[in-house]
Amino acid sequence: MALPIKRTLAALHRATCTSLKNAEASVDLRPPGPFYLPVRTKKRYFIPPAVGQKGQRQENLEAKARAAGIVIKQQYLERPINIACTAGIFDPYIPPEGDARLSTLSKEGLKQRTEQMRQSASSQLAIRKIKEHDSEFATKSFAERAQEIFTEAHNALTQFNKEKLHSLVTERCYPEMTRGNRYKTIIWRFVQSLEPPKVVHARCPDMVTKGNLYGQVTVRMHSRQILAIYDRFGRLMLGSEEQSKDVLEYLVIERHLVNPYGRWRLHGKIVPSWAPAKDPIIKTLVIPGPELKPGQEFDALNYQVPKPEAVQWSK
């Protein structure tokens, strides 16, 4: 009796499993697979190498970029130069100490005079070269012409006339004269000449090639001038409009001799080592004070500005 029941249960189990398998096959209950969607991206012709790769062979990136059709701009390492003027003063004149103070009759004045006569040999050779290219050059008339160039250049500077200033000064001297003058008011006047200007030094250097000659003439000028500089708030920074000062200057005038359209222009100044120090610039500062009420004046308070404490320091 038990044997037929076991057989019946086994048959029912087989039939149930078969029906379930058939049902799974018909329904297809398997999990879905990944879905791939083709997307078109930008094609990279040139991929820069990673930074800091070691042990790899360096390839010619420029040739690789050309093969890919990419044009690389050529980088020039040359420095552009301006041949209209030189970059500095060749063999600058060394002014004798105590110039415009020592008399020629004194012992020191006679020594300076003899030393200048010894150093004038090179200047005479340079003047001969200058006269070959500039037939109108003469040392006596050129000193007065240099003084006129100096006064016209400074008048153009006070009026901020850039076009005229470029025609009177070289490309090296222009940034030195105009640097820091923005938002400032400059008042300059030429009062008189204390001594007649004279040519004390001349050089005729060449640049780039042997025949590309430049003429540099140093002119000694002792004059009386007035200079006053105001900041953008109208406050006086340097000098005075009423007080004139005696100024001893050594001007360097330059010309490109090979250029037939060249002209004599102001190239720079020579400041001797024994020259006195310039006057300090008066800066505008905010002084802390009491808060004033409406209608109250500062002078009525008799406020004393506190002095800063002395601090010891070392350079």
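What follows is a walk through this predicted model, from the overall layout to a cavity, some salt bridges and a surface patch.

Some ground rules come with it. Because this is a predicted model, local features need pLDDT of at least 70 and side-chain atom pairs count only at pLDDT 80 or more, while totals for chains, interfaces and linings use all residues. Residues are numbered from 1 along each chain as its sequence is written, and side-chain values use heavy atoms, with hydrogens and water left out.

Let's start with the layout. The protein chain has 6 helices and 5 strands, where helices (H or I, at least four residues) and strands (E, at least two) are DSSP runs numbered from the N terminus. Read along the sequence, the pattern is α-α-α-α-α-α-β-β-β-β-β. Of the 315 residues, 26% are buried; that means under 20% relative accessible area, with exposed being over 50% and partly exposed in between (1.4 Å probe, protein chains only). The chain exposes about 25300 Å², and carbon and sulfur atoms supply 55% of that (Shrake-Rupley method, 1.4 Å probe; for residues, only the protein chains shown count as cover). Take the contacts (heavy atoms within 4.5 Å) between residues at least 6 apart in sequence: 65% of them join residues at least 24 apart.

Now look inside. Searching the whole structure turns up 1 cavity of 30 Å³ or more, and the largest cavity has a volume of about 40 Å³. A cavity here is a set of points, on a 1 Å grid over the protein atoms alone, where a 1.4 Å probe fits but cannot get out; lining residues have an atom within 4 Å of a point. Grid points are joined across faces, edges and corners, and the volume is the space filled by probe spheres set on the points. Strand E1 (185–203) and strand E2 (214–230) each supply at least two lining residues, and E1 gives the largest share, 3 residues. Among the lining residues are Asp 91 and Arg 203.

Those two residues also meet in a salt bridge through their side chains (2.7 Å, N to O). Arg 203 lies in strand E1 and Asp 91 in the loop between helix H2 (61–67) and helix H3 (107–133), so the pair ties together parts that are 112 residues apart in sequence. Arg 203 is buried, at 15% relative accessible area, whereas Asp 91 is partly exposed at 46%. A salt bridge is counted when a side-chain nitrogen of Lys or Arg is within 4 Å of a carboxyl oxygen of Asp or Glu, and the count comes to 8.

The side chains of Glu 195 and Arg 220 meet at 2.9 Å, N to O. Glu 195 sits in strand E1 and Arg 220 in strand E2, so this pair joins parts 25 residues apart in sequence. Arg 220 is buried at 5% relative accessibility, while Glu 195 is partly exposed at 28%. Glu 249 and Lys 269 pair up too (2.7 Å, N to O), linking strand E4 (residues 245–256) with strand E5, 20 residues apart. Glu 249 is buried at 10% and Lys 269 partly exposed at 38%.

Finally, the surface. Leu 292, Phe 298, Leu 301, Tyr 303 and Val 305 form a nonpolar patch with about 400 Å² of accessible area together. Patches are made of residues with over 30% relative accessible area and no salt bridge; like charges are joined within 9 Å, and nonpolar side chains (Val, Leu, Ile, Met, Phe, Trp, Tyr) within 5 Å. Tyr 303 lies in the segment after strand E5 (265–269) and is partly exposed, with a relative accessible area of 33%.

Terms used: On a 1 Å grid over the protein atoms alone, a cavity is a set of points where a 1.4 Å probe fits but cannot get out, and a pocket is an open set with protein on both sides within 12 Å along at least five of seven lines; lining residues have an atom within 4 Å of a point.
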